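Dear colleague,

Here is the structure I promised to pass on. My notes on it follow below.

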Amino acid sequence: MSIKVESVVPFGRSLDEYQKVFNLSEGDLTKRILGVGDGPASFNAEMMQRGYSITSLDPLYKFSAEEIERQFYGVVDGIIQQVKSMPDNWVWTYHKSPDDLRENREKSLKRFVGDYELGKRQGRYRIGELPHLRGIEDKSYDLALCSHFLFLYSDHFDCEFHQAAIQEMLRVATEIRVFPLLTLGRKKSVYVEPVIQMLQSNDFDVTIQKVAYELQ
Ligand SMILES: C[S@@+](CC[C@H](N)C(=O)[O-])C[C@H]1O[C@@H](n2cnc3c(N)ncnc32)[C@H](O)[C@@H]1O
């Protein structure tokens, strides 16, 4: 059994989770970072509090903070219920239980909401979506990150989408990192190999790294 969702879920993670998921060093944090599909993560807000300024991009940002909150609360309990119904599919080391997971997702959402209007005015939250990052110039970022969108939703987006999306991220950034490589069904996405082949045939260096974060 795996989590069933109609569409991409508006859940967000914290800066600490992003650091673990992407192996971000203190040096990485000083880079020009683009978070693609950051949604209601508190990554941007927490980076701001630490004196860094990054850009987050998501189609969700066409909505107000209130609407994003409404979307979150519209799905969170159903998803946590699904998680509770299959406890063995999850690793409870970072988040201690389904209720702790819910609390942490809510905490990220609240931090995001508190920063959203200011961040929008400052251009830190931009409306946009893969596979075309319109209005973003070539190599204008050092690092582009994509957490819990590509590969995870392999049932919703096909191989061509993944290849185009990753090529597009590499157009705007020197380096990109993507997590996870698993689908919602907890299997390695069948698009990982074709994407790697495409990248290697275009002379990009590709590495798969084990990181200190596991949930699925
Ligand atoms: C599960 S959330 C993950 C949010 C955040 N990256 C994190 O890990 O905390 C997936 C996000 O992908 C966004 N999304 C959906 N379609 C997208 C697209 N075509 N391009 C970029 N992001 C997209 C959704 O709006 C949502 O905010």
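H5 runs to 24 residues and reaches 35 Å from its first C-alpha to its last, close to the 34 Å expected at 1.5 Å a residue. Helices here (H or I, at least four residues) and strands (E, at least two) are DSSP runs, numbered from the N terminus. The expected span is 1.5 Å times one less than the number of residues in the helix. H5 has a kink of about 45 degrees, centred on aspartate 115. That bend is the angle between axes fitted to the seven residues ending there and the seven starting there. Glycine 123 follows H5, and its phi is positive, near 75 degrees.

A word on the source. This is a predicted model, in which local features need pLDDT of at least 70 and side-chain atom pairs count only at pLDDT 80 or more, while totals for chains, interfaces and linings use all residues. Residues are numbered from 1 along each chain as its sequence is written, and side-chain values use heavy atoms, with hydrogens and water left out.

Next, the ligand. A ligand oxygen is 2.6 Å from a polar backbone atom of arginine 13. A ligand oxygen is also 2.6 Å from an N or O atom in the side chain of aspartate 58. A ligand nitrogen is 2.9 Å from a polar backbone atom of leucine 130. The protein covers 95% of the 590 Å² of accessible area that the ligand has on its own (Shrake-Rupley method, 1.4 Å probe; for residues, only the protein chains shown count as cover).

Now serine 154. It sits in the loop between strand E4 (141–147) and helix H6 (159–172). Its relative accessibility is 8%, so serine 154 counts as buried (under 20%; exposed is over 50%, partly exposed in between; 1.4 Å probe, protein chains only). Its side chain makes a polar contact of 2.8 Å with that of serine 189.

Last, H6. Its buried residues include Phe161, His162 and Ala165. The buried residues of H6 pack against strand E1 (33–36), E4, strand E5 (173–179) and helix H7 (192–201). At the start of H6, a side-chain oxygen of aspartate 158 reaches to within 3.3 Å of the backbone nitrogen of glutamate 160.

Best wishes

Technical notes
A polar contact is a pair of N or O atoms within 3.5 Å; within protein, one must be able to donate a hydrogen and the other to accept it, and residues adjacent in sequence count only if both atoms are side-chain atoms. Contact means heavy atoms within 4.5 Å.
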